[in-house]
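Please read the following walk through the model with the sequence and coordinates at hand.

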Amino acid sequence: MNVEQNPSPALPCAVVRDLLPLYLEGLTSPQTDQAVETHLELCPNCAQYKAALTAPLSSPEQTADQREPDYLKTIRRRGLRRTVLTAFGVVLAMLLLFCAKLFYIGSPAQAEELLWRTEQQKEDCLTLFVSTSSSGAAFRGWQVERQGDTAVISLRKTLASSLFGGSGQAAMDIPLEDLRQIELCGALVWQDGESIPRETWLAWQAATPYTGDAAALGKLAQALNVGALCGDFTSSLQTDEAPYAWTLHFSQVPQDAPLLDRQMERLAYQMLALVDNLEQVRWTYPQYGGHQVSRTLTLQQADYRLSVYNSRQERLKSYSQSPADLERLRQTVAAEDFPINP
């Protein structure tokens, strides 16, 4: 006799959810399996619950692997930010150092960059006035150091700035007790009671031993400011035999020929003094009509005129021994009563 199987009764959701772990493990009977499956087909909530039970669980290693790219990105972003900030800091520090160098620290000033003059209102004190030939420069760090019988003044040159301070000019009083000379950034500005102007110092610095050194003579002419005082010229040299001579050929007809002669003769004294073996200074210039004028000052003439003027035996070459000697020569030949071009 055949026994008819009755269909499984419908199961409530709570029972299905309790059975699902056993069902998934294959521990329920076929009838229970059919009932559970029928319920799952008709109940979306239980079907979603089953899907959650059967979803694979992430292992700690997998979670770490998934998070690793995000961690590396964070590290890279932080590293890039740190690199950018470090580079910015380095650039800013270099910029500050550069500004400090230009506007505050500066560099040692050179005598050629300075203008100076002196005044002596008291017997035992000299006032030195210093300024710069450049409007964009300033000076700071003035120092006066006593070295034996010499006062050595040093300073630093910077760019002028209202932010960093500094000035392009200064004045200082220097006691003269037991002093023989005052040195400013390598230049003698006072020596043996004689103030040394800048042009005298530059000329003395340009002294040369040989008439045949054309480049050195050019520097001397520049230091003496011959071109500005007398006009454009070319030079020729007599060096193959005595008397050794330096001739300046002026190219333009002078507007005032006597003035040119007086100016050139005063300069010729300094040229003869500052070139050791020079014995004659000549100069020529054209006149209207094609005539060429030539003038000469010899070493013998210069010695004689100085001896007469000073009422003692004089040697022009002795005036090149020091800047103070050269300044005394310049003052002598510039005097109104000195016999220029008699």
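**A walk through the strands and a helix**

Phenylalanine 233 has phenylalanine 250 in β11 as its bridge partner. The model is predicted, so local features need pLDDT of at least 70 and side-chain atom pairs count only at pLDDT 80 or more, while totals for chains, interfaces and linings use all residues. Residues are numbered from 1 along each chain as its sequence is written, and side-chain values use heavy atoms, with hydrogens and water left out.

Strand β10 (residues 233-238) pairs with β11 in the antiparallel sense over six bridges; strands count as paired if DSSP finds at least two bridges between them. Helices (H or I, at least four residues) and strands (E, at least two) are DSSP runs, numbered from the N terminus. A hairpin of six residues leads from β10 to β11. Strand β11 (residues 245-250) also pairs with strand β12 (residues 280-286), in this case parallel and through five bridges. Leucine 248 has tryptophan 283 in β12 as its bridge partner. Five of the six residues of β11 are buried, where buried means under 20% relative accessible area, exposed over 50% and partly exposed in between (1.4 Å probe, protein chains only).

Strand β8 (residues 187-191) is largely enclosed by the rest of the structure, because five of its five residues are buried. Four bridges tie β8 to strand β7 (residues 181-184) in the antiparallel sense, with isoleucine 182 opposite tryptophan 190. The hairpin of β7 and β8 has two residues between the strands, and cysteine 185 there takes a positive phi near 50 degrees. On to strand β9 (residues 194-195): β8 pairs with β9 over two bridges, again antiparallel. Tryptophan 190 stands opposite serine 195 in β9. The hairpin of β8 and β9 has two residues between the strands, and aspartate 192 in the turn has a positive phi of about 50 degrees.

An open sheet of three strands has the order β2-β3-β6, with antiparallel pairing. β2 (114-122) and β6 (169-175) each have a single partner strand and stand at the edges, so one side of each is left without a neighbour in the sheet. Direction ignored, neighbouring strands of this sheet are turned by 20 degrees against each other on average; the axes are lines fitted to C-alpha atoms, for helices over the stretch in contact, and angles run from 0 to 180 degrees between N-to-C directions. Seven bridges join β2 to strand β3 (residues 125-132), and lysine 122 stands opposite cysteine 125 in β3.

Helix α9 (residues 299-310) has twelve residues and spans 16 Å from first to last C-alpha, close to the 16 Å expected at 1.5 Å a residue; the expected span is 1.5 Å times one less than the number of residues. Its buried residues include Leu299, Ala302 and Asp303. Their cover includes α8 (257-274), β13 (292-298) and α10 (323-334). Just after α9, serine 311 takes a positive phi of about 60 degrees.

Beyond its neighbours within four places in sequence, glutamate 314 is in contact (heavy atoms within 4.5 Å) with Asp303, Leu306, Ser307 and Tyr319.

Over the chain there are ten helices and 13 strands. Of its 342 residues, 34% count as buried.
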